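Please find below a colleague's note for someone opening this structure for the first time. The points are meant to be followed with the sequence and the coordinates side by side.

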Amino acid sequence: MATQQVITEEIRRIETDAAARVQGGQSPEVHPRRDYPPYRSSALRHPTQNLVKVDPEEVERYSPAFGHWDVSPLESDLTIAHRGEPLGERITVTGRVVDGDGRPVRGQLIELWQANSAGRYVHKRDQHPAPLDPNFTGVGRVITGEDGSYRFRTIKPGPYPWKNHTNAWRPAHVHFSLFGSQFTQRLVTQMYFPGDPLFALDPIYQSIVDPAARARLIGTYDHDTSVPDVSLGYRWDIVLTGPRSTWLEPEHADG
């Protein structure tokens, strides 16, 4: 298995190459490369052939419609899903979903999932020997408002190890999934927390070679969003289109 030094050197070479392309007049790479050597499994899981257009007359693309009546307002608070109190630092995450021109994207279903404060998911494939929290499942849903806004209350997730290379740890993050009117319109991304020392060591985060695009994945502390005596606040907007769009996960992304 590769060492962290090898991974770091690979990341630096790719960043140097990307910077040279920008200096040569090419546009920065906003989205990650599907085949990104420091992210080991991408070599096995990325598409090797050109994408094929599918005729909508031949394939059923439409999903069930999610209406306001299907999503309870209580689902946006991940800290009250069980009778007991979950362990960890409570946080409130809020923001807006907008298009490339800043117009609100209203009535959209957002799903959230994350590890608990010890860095473990409630999933049978997660074998990280950190404790499970019986009072925290780590999943929630919300519908964006008329102004494209959303709001979650949850627990700040912990970092966790993964098997990409020796001593590999993922920075703390929260997964976001956004749906349009069809399941084929599903978009998945991640929100990170400011000042995380693992950023420079994480191949998934570093696979976005444009520093400005990486920075847009980091929520900002917002004292006005903090709830007195309850939770610290973070603000994170999601931009769906345009040159300042939020990074979206390729098909092979995990963790």
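1. Tyr150 and Phe152 are both buried, where buried stands for a relative accessible area under 20%, exposed for over 50% and partly exposed for what lies in between, with a 1.4 Å probe and protein chains only. By the ring criterion, under which rings of Phe, Tyr and Trp (its six-membered ring) pair if their centres lie within 6.5 Å, with planes under 30 degrees apart called stacked, over 60 edge-to-face and the rest tilted, the count comes to 11 aromatic pairs. Tyr150 and Phe152 make one of these pairs, a tilted one with 6.1 Å from centre to centre and 55° between the planes. Together with Phe176 and Trp236, Tyr150 and Phe152 also form one aromatic cluster.

2. The model is a predicted one, so that local features need pLDDT of at least 70 and side-chain atom pairs count only at pLDDT 80 or more, whereas totals for chains, interfaces and linings use all residues. Residues are numbered from 1 along each chain as its sequence is written, and side-chain values use heavy atoms, with hydrogens and water left out.

3. A further aromatic pair deserves a look, that of Tyr192 and Tyr205, which is edge-to-face at 5.2 Å centre to centre with 75° between the planes. This pair links distant parts of the chain, since Tyr192 lies in strand 8 and Tyr205 in helix 3 (residues 203-206), 13 residues apart; helices (H or I, at least four residues) and strands (E, at least two) are DSSP runs numbered from the N terminus. Tyr192 and Tyr205 are both buried.

4. Is strand 3 largely enclosed or largely open? Four of its five residues are buried, so strand 3 is largely enclosed by the rest of the structure.

5. Charged pairs can be taken next: a search of the whole structure finds 10 salt bridges, each being a side-chain nitrogen of Lys or Arg within 4 Å of a carboxyl oxygen of Asp or Glu. One of them joins the side chains of Arg141 and Glu75 at 2.9 Å, N to O. It links distant parts of the chain, with Arg141 in strand 3 (residues 139-143) and Glu75 in the loop between helix 2 (42-45) and strand 1 (90-98), 66 residues apart. Arg141 counts as buried at 19% relative accessibility, while Glu75 counts as partly exposed at 26%.

6. Another salt bridge brings together the side chains of Glu15 and Arg214, at 3.4 Å from N to O. Glu15 belongs to helix 1 (residues 4-23) and Arg214 to helix 4 (residues 211-215), so that this pair too links distant parts of the chain, 199 residues apart. Glu15 is partly exposed with a relative accessible area of 26%, whereas Arg214 is buried at 10%.

7. The side chains of Glu146 and Arg106 form a salt bridge of 3.2 Å, N to O. Glu146 lies in the loop between strand 3 and strand 4 (149-155), and Arg106 in the loop between strand 1 and strand 2 (109-113), 40 residues apart. Glu146 is exposed, with a relative accessible area of 61%, and Arg106 is partly exposed at 43%. Salt bridges with shared partners also join Asp99, Asp101 and Arg103 into one network.
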